[in-house]
Amino acid sequence: MKRRAIRSEPLFFERNPRRVRRQGYLLPALDVPEVEPSEVLPPELVREPDPHFPDISEMEVVQHFHRLSQLNYAVDEGLYPLGSCTMKYNPRINEETARLPGFASLHPLQPQAQIQGALRLIWELEESLKTITGMPGATLQPAAGAHGEFTGILMIRKALATRGEKRDVVLAPDSAHGTNPATATFAGYRAQEIPSAEDGTVDLGALDRMMDETVAALMLTVPNTLGLFEHQILEIADLVHSRGGFIYMDGANLNSFVGRALPGLMGADAMHINLHKTFSTPHGGGGPGAGPVTVSEALLPHLPVPKVIRGNDGFELQWNDPASIGQMRGFYGNFLILVRALTYIWSLGAEGLRSTSDVAVLYANLVRHRLKGAYHLKFDAPSLHEVVFDDSIQTRYEVRNVDIAKRLLDYGFHPPTMSFPLVVHGALMIEPAESVAPEEVEAFCDAMLAIAKEAETDPGLVRSAPHDTPVGRVDEVRAARNLKVTWTPEDEGA
Amino acid sequence: MHPWVGAGLEDRLHILSELGLKSIDELFASIPEAVCIDGLDLPPARDEDWIRRALGDMASANVSMDSIPCFLGAGVYRHVRPSIVDAVLSRAEFFTSYTPYQPEISQGTLQVIFEFQTLISRLTGLDVANASLYDGATALVEAVLFSHRVLHGKRDLAVVAETVHPMYRRVLDTYTEAAGIEVVVVPPGTNGRLDPNIVREAAGDQACCVAVQSPNFLGIVEDLPQLAAAAHDSGALAVEVVTEAVSLGLLTGGGSFGFDVVCGEAQSFGVAPGFGGPHLGFFACAPKHLRQMPGRLAGETVDEDGTRAFCLTLSTREQHIRRAKATSNICTNQGLMALAATVWLEAMGGSGLRELATSCFARTEELKRRITAVGDSWRIAYPQSPTFNEFLLIGPASGTELVEQLASDGVLAGVPTTDWGGAWPDGLLVAVTECNSARDLDAFVAALENLS
Amino acid sequence: MTIPDDLKYARSHEWIKTEGNSVVVGISHYAQDQLGEVVYVELPEVGAAFDVGDELGTLESVKAVSEFLAPVAGEVLEVNTRLEDEPNLVNDDPYGDGWLVKLSGSAEDEELLDAAGYGEFLEQESA
């Protein structure tokens, strides 16, 4: 194991402790007369200088963030097999196109004639996503997947209201991501759980009992969070539609069938797509993402405003539409993220997109094949782009999934998703995605098998992991019990 | 085959034989035939040069804010972007990493969030701040829903100033309709400022919050201490919305005047205008309400050796644990944008931020002074009301017409209020920042004179 | 697993101790063990009324939130305010200093189990 010294990095507020005046950036010279603010503004509103907001030099800023960056693991470093996150390569060409001044330095309220290229890009991406999903409408406004879910549910609510109906319930499987019931509640519905059948998919019998005129929608992830395709999807959609409900599809797992199947043929009425998953836009340490929503004919009239319309003279923004649910966030969407997604789609083309799901599914099945036996597989049905093991073999030696995850850090890999979905206790959800070389997937499997052995022969080693990371196991209980979310001047004395 | 798909054709065959399969299609057997297609109706793969040309053409069909004197504001501002901001953002350890759920290998991201939270806290005057929200408009939405929760859902009315950005109010309407909250809009007085007595009346004893923007949509600075008092007299929470974050470099944040929430848009802190997104919402509140606060939160703790470390905390409020009872359904925040703001603010430093804000203010005062010398066809709508770096200008035609005419004279003069109507005249919202040199001001004034 | 004899138990893992016309409610040793280290306790307001089975409050650990339910119908007479600063009492002393709520009402419900009954119930649950 090779090592190098990494200094622990002080907080910005701990730098320059004597608070000497330094300069981090040279501002444009003031070429107009100075004005004393408190002579013009109400003096009680003018800020006093803050002695605890230091100044540091440019190199200090650079070194501070450089050292901080070295404490992070990232996709560029190695496999990041987080189930349901689709941690694929973030192409550098995306970063170039997103930084073109004609995109990055564009104000959203410039006159229409000055923004034709931007409007065109939005329109092109909408068209591409409509083709990829086989659905007739799209909005690119939502800022993230959860935001897209909310948008979709609101459109369903509006469609029902237009029909003169008001329904109270939204159904979601027990395996659903937490955003699903949270979204339903946020939209004023009561979220009801629908149980999974023995094989991990939706129990059609239960759906038959629960689907009635009080239910507005069924929220489904396809394939579900266990990586299993809802093989009865057509029966499910028919059942829900025939009783006046809608199908909301959570598109988090689109990477498993992009180019091979169409949600539009599955009966989806609204589906959100995570551009930061399937379409390679970077995760950024926690955003920004983008969650466009594609819709069926039934929901087409209710898309959010403003909409991009293509006319004879070019593109324009349409702000008013009484049938629309309204505006979901400021302006038009996370535009610079949209630029990256369109770059990705155009770069890959039809065959390239299809091969991503081919290899994503192939890799996940390779992992399944190699780890089966060493780790317990609760649902043995064929899975697509992700596979969910659990720690029930290892718990015999008092090693839990958390310990396995922390030990993986010592092998130089990011751990899989843990403890989700809730239907599998002690879950380890693994999604390799298609970007890495086969050797990287095999190395990950080698590491997992080694840890399974360690759990048997030296469980203490696994339980006390990680040993080779910038910090040891972090005390999350203490963080919650003794809440400290900012630096304060009192810390200076310590 | 494609560079972004890691397995070549032979790799795939090799893995298939290891799995005992003949073709990849067998792995997709669980998908019903009826929903499958042979392939997508999309063009073929494109190489990087093709991409550069195609995307470059689309970008060139736009007029960038840097290419002509620009005075646009109304929620998105052009400020300096130090080269180091983008350099730091481009580090793969920052932009290709995931949400820091494994703190042991995410201390970089977590410490940045902690520093961001502290910076926002110091600027707003409130002790706790979250790791960011989508944007200013949704931050306002979250503030209203937060106030509703804090008061246990017992008050269903929200009082919102008409001079809160009209677009923010439109977005708010979309959400309050679903939440069963009624919004009452209070217009400004003839001086473009809110009257605290009218606010007090509108809030009565029914409002869960009073939301005001300062500087407001017309660029005017509001009487924050009086407005906080008016809200509290009614038993409502006081919410300050900020759309031009740089104003906090010169103006005291509402927390110091008793506001319960200060929230808004931090795009001015080093985030590219980007045609409206991604931007950077922020949210700060008092510690007693911490458990009701939406969004992610980084906290300080130690590792098993007692070394200081950071981790996400209070996750139980969030959707992945609380599910149906979450405080919000936000999952992703704007992590990379928060990093941009942190780099920008730390490069500016306390003194630099103040100097930058003062520069914006001085240039705005200078432009206003010169405009009053131009002639009768132009006037400042609210000449007596204090502004920071934005003001409403009335001219010889509608705002939309003026903007087109001045643009053809080579100046992006402002955002027309023609489509953003309210208790104010139709004109141009003019924003001035440290990026507007004296020559820019010359060009602006010359363009006005040509049009008189 | 400690299961004191002088208490009654609900199937949702609350314990009940009779004190004159009122009862004291907490969660069992088994329950706090399942929950993990408690970081925050949300308690009801004094004076609020609850039916059997209503959610009285919540217990938060780092990764999960659990509700605790009213095992009897009654009004809240007192809550354990020490838990605000010392939520760990729920783990360290679940039957003593880690008590949660005092309710008016009685523990005469047939649905409640005695110590032996609760012990059997736990065995069945884990089978």
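Partly exposed describes a residue whose relative accessible area lies between the limit for buried, under 20%, and the limit for exposed, over 50%. The close-ups below come from a predicted model.

**View 1. A salt bridge within chain A joins A:R243 and A:D208.** The closest N and O atoms of A:R243 and A:D208 are 2.6 Å apart. A:R243 lies in the loop between helix 9 (233-242) and strand 5 (246-250) of chain A, while A:D208 belongs to helix 8 (residues 204-210) of chain A, so the pair ties together parts that are 35 residues apart in sequence. A:R243 counts as partly exposed because its relative accessibility is 28%. A:D208 is also partly exposed, with a relative accessible area of 41%.

View 2. The partners are B:D135 and A:R329, whose closest N and O atoms are 3.7 Å apart.

**View 3. Two helices of chain B are tied by B:R200 and B:D233.** The side chains of B:R200 and B:D233 form a salt bridge of 2.9 Å, taken from N to O. B:R200 is partly exposed, at 26% relative accessible area, whereas B:D233 is exposed, at 53%.

**View 4. A network of salt bridges links residues of chain A.** Its members are A:E9, A:R15, A:R22, A:E60 and A:R67. Side chains of opposite charge can pair when their charged atoms come close. Over all chains, the structure holds 52 salt bridges.

**View 5. An open sheet in chain C has 6 strands.** The strand order is 1-2-3-9-8-5, and the pairing is antiparallel. Strand 1 (8-9) and strand 5 (49-50) of chain C are the edge strands, each pairing on one side only. Strands of a sheet pair through backbone hydrogen bonds. Strand 1 pairs with strand 2 (residues 14-19) of chain C over 2 bridges, in the antiparallel sense. Opposite C:K8 stands C:I16, a residue of strand 2 of chain C.

**View 6. Strand 6 of chain C pairs with strand 4 and with strand 7.** Strand 4 (residues 38-42) and strand 6 of chain C run antiparallel and are joined by 4 bridges. C:V41 has C:L59, in strand 6, as its bridge partner. Strand 6 and strand 7 (residues 65-69) of chain C are also antiparallel, with 5 bridges between them. Here C:E60 stands opposite C:V65 of strand 7. Strands 6 and 7 of chain C form a hairpin, with 3 residues between them. In strand 6 (residues 55-61) of chain C, 6 of the 7 residues are buried, so this strand is largely enclosed by the rest of the structure.

**View 7. Acidic residues of chain C form a negative surface patch.** The patch consists of C:D5, C:D6, C:D114, C:E120 and C:E123. C:E123 is found in helix 3 (residues 115-126) of chain C. C:E123 is exposed, with a relative accessible area of 60%.

Technical notes. Residues numbered from 1 in each chain as written. Chains lettered and ligands numbered in written order. Predicted model: local features only at pLDDT ≥ 70, side-chain atom pairs only at ≥ 80, totals over all residues. Heavy atoms only, no water. Patch = residues over 30% accessible without salt bridge, like charges linked within 9 Å, V, L, I, M, F, W, Y side chains within 5 Å. Areas by Shrake-Rupley, 256 points an atom, 1.4 Å probe, with all protein chains shown as cover. Salt bridge = Lys/Arg side-chain N within 4 Å of Asp/Glu carboxyl O. Lys, Arg positive; Asp, Glu negative; His and termini not counted. Charge placed at Lys NZ, Arg CZ, Asp CG, Glu CD. Buried < 20%, exposed > 50% of the residue type's maximum accessible area, 1.4 Å probe, protein only. Pairing = 2+ DSSP bridges.
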